[in-house]
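User: I would like to learn how to read the features of a protein model, taking one kind of feature at a time. Could you take me through the structure shown below?

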Amino acid sequence: MSRRSLLKLRHLLGSTPDSPLPLGHRSITYMPRPGDGAPRLVTLIPGEGIGPLVTGAVRQVMEAMHAPVYFETYEVHGGMETVPPEVIESIRRNKVCLKGGLVTPVGGGVHSLNMQLRKELDLFASLVNCFNLPGLPTRHENVDIVVIRENTEGEYSGLEHEVVPGVVESLKVHEVELQKVITKFCSERIAKYAFEYAYLNNRKTVTAVHKANIMKLADGLFLESCREVATKYPSIKYNEIIVDNCCMQLVAKPEQFDVMVTPNLYGNLVANTAAGIAGGTGVMPGGNVGQDHAIFEQGASAGNTGTEKLVKQQKANPVALLLSSAMMLRHLQFPSFADRLETSVKRVIAEGNYRTKDLGGSSTTQEVVDAVIANLD
């Protein structure tokens, strides 16, 4: 039996990454995990701005498909000091969450609820798939990039204080000033996830994005971890690229990239750039996953709460969250429903009759939803 067949067999048998494996075989780190096919309860956070509109679109399509999921809804907004404990408990219990955008106030000392969710649930990997949709014109063709971003440390550690008025330190530990936190454990973990994702999805190349020419210790540790993991995947080509050159290459020749693995901040910038190149943030799916839990939401963070005008006109683009919900269905081991949803969304985009303003049309959210439902096989 081949290694790939053995890995798939173990998925079907329902074993976990901690289960013993025959000598010479490695554990799986990539979600999704096996399910038993029973209907699943999913935590739903509609979010703010366009969030209720696009999560409502997902609910309509799920009901039309008779998908075996049902939702437990909680209201959360960015002005809260913390995510309510009952919401965290719901996600821990259900294992999976679908989420609209949450506003993170700029400045003012209010911490990001998105970051709190990732840290509380140890959602260490952010995955954003940026690809060309057939029928949607873009400057570049043949773009199919998966950005895998470390989600729990780096510049997003969120440890700041004002020393004196006008002077802010990002972090202070044992009287040592730091700009970001990078650890061997988290770097190895995200590298393993990226290579395992590439291996299981027949991807050919993993590119590590860094700034080790300047941040020699922090980003140097990240690169060292990626190099060590790369040696265990000889069938996958491994590259490295400095983040500023990466941004230039993305806008010049994005088709050269396949899977990209990054520290926290770089990944946010790279994913939003790649999304803009491939068709816009309104069509790019994504998720945040950990060992035991997963939250699915619009892949690129830019514009995920929209504007008051979009909300008033009811013209938010639901495509990104619809495709993210297809990722969720596949994660829950409902692949036939995921395929039906993806096929219908792509058919609507290709036909071009129902598109929101960001895709060159004038359709409302409901008109796009109705078209997707009408195209379900």
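**Reading a buried asparagine and its surroundings**

Analyst: Asn-151 touches Met-115, Arg-118, Leu-123, Phe-124, Ala-125, Ser-126, Asn-264 and Asn-288, leaving aside residues up to four places away in sequence, where contact means heavy atoms within 4.5 Å. This is a predicted model, in which local features need pLDDT of at least 70 and side-chain atom pairs count only at pLDDT 80 or more, whereas totals for chains, interfaces and linings use all residues. Residues are numbered from 1 along each chain as its sequence is written, and side-chain values use heavy atoms, with hydrogens and water left out.

User: Where is Asn-151 found, and why does Asn-151 count as buried or exposed?

Analyst: Buried means under 20% relative accessible area, exposed over 50% and partly exposed in between, with a 1.4 Å probe and protein chains only. Asn-151 counts as buried because its relative accessibility is 0%, and its place is the loop between β5 (144-150) and β6 (161-164). Helices (H or I, at least four residues) and strands (E, at least two) are DSSP runs, numbered from the N terminus. A polar atom of the Asn-151 side chain lies 3.1 Å from the backbone oxygen of Leu-123.

User: Which residues does Glu-150 touch?

Analyst: Glu-150, which belongs to strand β5, is buried with a relative accessible area of 3%. Not counting residues up to four places away in sequence, Glu-150 touches Phe-124, Cys-186, Arg-189, Ile-190, Thr-262, Pro-263 and Asn-264. The C-alpha atoms of Glu-150 and Phe-124 are separated by 5.8 Å, although these residues are 26 residues apart along the chain. The side chains of Glu-150 and Thr-152 are joined by a polar contact of 2.6 Å, the term denoting a pair of N or O atoms within 3.5 Å, of which, within protein, one must be able to donate a hydrogen and the other to accept it, while residues adjacent in sequence count only if both atoms are side-chain atoms.

User: How should I read the faces of strand β10?

Analyst: In a regular strand the side chains alternate between the two faces of the sheet. In β10 (residues 205-210), six of its six residues are buried, with Thr-205, Thr-207 and Val-209 on one side and Val-206, Ala-208 and His-210 on the other.

User: Which strands do bridges join to β10?

Analyst: Two strands pair if DSSP finds at least two bridges between them. Six bridges join β10 to the parallel strand β11 (residues 237-242), and three join β10 to β12 (residues 259-262), also running parallel. Thr-207 has Asn-239 as its bridge partner in β11 and stands opposite Met-260 in β12.

User: Which residues of helix α3 are buried, and why are they on the same side?

Analyst: The buried residues of α3 (residues 85-94) are Val-87, Ile-88, Ser-90, Ile-91 and Asn-94. They lie on the same side of α3 because they cover an arc of only 160° around the axis, the arc being that of the directions from the helix axis to the C-beta atoms. Their cover includes β1 (40-45), β2 (69-73), β3 (96-99), α4 (113-120) and β14 (294-298). Just after α3, Lys-95 takes a positive phi of about 75°.

User: How much of the protein chain is buried?

Analyst: Of the 377 residues in the protein chain, 52% are buried, and the chain has twelve helices and 14 strands.
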